[in-house]
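Dear colleague,

I am handing over the structure below, and would be glad if you read the notes after it with the model open beside you.

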Amino acid sequence: MNNKHYYIMTFGCQMNEHDSEIMAGMLENMGYAETEKRAEADVIVINTCSIRDNADKRFFGSLGQLKRLKTENPDKIVAVCGCMMQQQHIIDSIKMKYSWVDIVFGTHNIHLLPELVNQVINERQKIIDVWDEHQGVFEGLPSKRKYDFKALVNITYGCNNFCTYCIVPYTRGRERSRKPEDILSEVKELAASGVKEVMLLGQNVNSYGIADGFDMDFADLIYAINDIEGIERIRFMTSHPKDLSDKLIGAYRDCEKLANHIHLPVQSGSSRILKLMNRKYTREDYLEIIRKLREVTGNTIAVTTDIIVGFPGETEEDFQETLSLLEEVKYDSAFTFLYSVRKGTPAEKFENQIPEEIKHERFNRMREILDGGMADNNKKYEGRTVKVLVEGSSKTNIKTLTGRTESMKIVNFAGSRDLIGKIVDVKIIEGKTYSLVGEVI
């Protein structure tokens with residue numbers, strides 16, 4: 001029986017989730033087995049996110065809780081990695097206040113995790129190994145996938161957009177794309193292993209291949225994956241409106257496997273604020289993209305988004321423009337955030353920072369409109385039969401299954417666990433604000 005165990009805690013986006021899958025694969029190749037109990041783990045890894053202030057607080061809180069475990073077992077290895085580690089003030093804080101951390105590494109060298117772990121075991125020394133720049137794309141790393149039937153597939157790393165509120169270009173580096181043949185080979189292998197759905201990942205998937213001068217652009221990649229036998233659904237995240245081409249919009253018409261959903265962050269409905277954010281599109285540009293997407297899909301596409309409330313200088317008039325955009329687009333879902341200062345970003349130094357009480361008041365008004373639109377959209381599903389990829393048991397009721405429609409809607413329904421991993425027909429009997437309730441046909 002394997003007596004070496006690892007535990008990985010992941011904060012942040014799907015990119016971080018996939019990085020954690022890769023680290024899990026490397027640790028298992030070293031002979032470690034996964035455990036859900038931190039106290040049992042010989043190696044504990046915390047994979048961090050720096051997008052929001054709340055993630056920072058949760059990380060430091062979790063790190064503080066590990067002191068007792070490390071005291072009880074000094075041989076336990078505690079490693080921290082991810083976007084937060086690409087910031088020097090975070091590293092300095094860990095060195096000063098969290099002496100029980102053994103390894104600090106960043107986003108550019110996760111492939112070195114086995115080497116770093118062995119170095120700590122053999123030399124009994126703490127290691128800080130954070131690369132300032134990426135050194136290419138590392139292919140062929142092992143991965144322990146969370147699901148057998150759906151998979152995350154990185155197609156780009158880093159970002160060249162430099163939105164004024166965002167730390168990602170500084171923590172993930174400049175944009176670089178994987179070669180098309182490597183992506184297609186991975187997807188074919190996934191299909192052969194039984195994967196039905198792939199989620200293509202990147203900070204901005206729409207600019208795939210541009211910085212590297214590839215002949216194949218993102219739309220071409222979608223068309224190529226659409227031809228791979230065994231794959232039944234193609235998703236992608238995240239899209240930047242400034243790079244969303246008519247060719248990609250056309251793929252929603254031509255590619256039957258491309259899920260009828262798009263996550264298209266708008267961030268603000270005010271062109272003035274969008275310019276301050278360095279988003280490189282206007283309100284009108286964004287609405288025109290939505291119009292085209294709905295036209296080519298017969299007004300059936302589900303649209304989700306990201307919105308920031310309280311960006312520096314946001315006036316009530318600017319905020320009203322955001323509210324009116326929400327009412328016009330009627331999103332199916334939205335990730336909503338109060339603006340938080342990110343050290344090292346241009347917006348950190350902007351004047352007219354918005355008081356917290358105003359941010360919260362605006363946030364509540366925005367959520368009321370969003371939730372109303374989501375509830376209306378979900379009501380329209382009642383009586384319809386939809387195809388659902390069954391993902392597992394509901395978090396709130398193990399007797400209830402949960403899965404997602406092609407349009408990314410969460411559906412809860414009664415059924416046996418042997419349906420997990422299959423795409424089944426479900427009739428929707430109730431549309432709630434955040435989910436649908438159905439019954440298997």
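Leaving aside its neighbours within four places in sequence, which residues is His-108 in contact with? With contact taken as heavy atoms within 4.5 Å, they are Gln-86, Trp-131, Asp-132, Glu-133, His-134, Phe-138, Thr-171, Arg-172, Gly-173 and Arg-176. His-108 sits in the loop between strand S5 (103-105) and helix H4 (113-123), where helices (H or I, at least four residues) and strands (E, at least two) are DSSP runs numbered from the N terminus. At 5% relative accessibility His-108 counts as buried, the classes being buried under 20% relative accessible area, exposed over 50% and partly exposed in between (1.4 Å probe, protein chains only).

Please keep in mind that this is a predicted model, in which local features need pLDDT of at least 70 and side-chain atom pairs count only at pLDDT 80 or more, while totals for chains, interfaces and linings use all residues. Residues are numbered from 1 along each chain as its sequence is written, and side-chain values use heavy atoms, with hydrogens and water left out.

Beyond its neighbours within four places in sequence, Leu-200 is in contact with residues including Val-153, Ile-155, Val-205, Phe-218 and Met-237.

The structure holds 0 disulfides, a disulfide being a pair of cysteine sulfur atoms within 2.5 Å. The sulfur of Cys-49 is 6.1 Å from the closest cysteine sulfur, in Cys-83, and is therefore too far for a bond. Cys-163 is likewise in no disulfide, the nearest cysteine sulfur, that of Cys-166, being 6.1 Å away. Cys-49 counts as buried at 10% relative accessibility, and Cys-163 counts as buried at 7%.

Some backbone details also deserve a look, given that most residues other than glycine have a negative phi, and most peptide bonds are trans. The peptide bond from Met-237 to Thr-238 is cis, with omega near 5 degrees, and Thr-238 lies in the loop between strand S11 (233-237) and helix H8 (246-254). Asn-299, although not a glycine, has a positive phi of about 65 degrees; its place is in the loop between helix H10 (283-296) and strand S13 (302-309), and at 55% relative accessibility Asn-299 counts as exposed.
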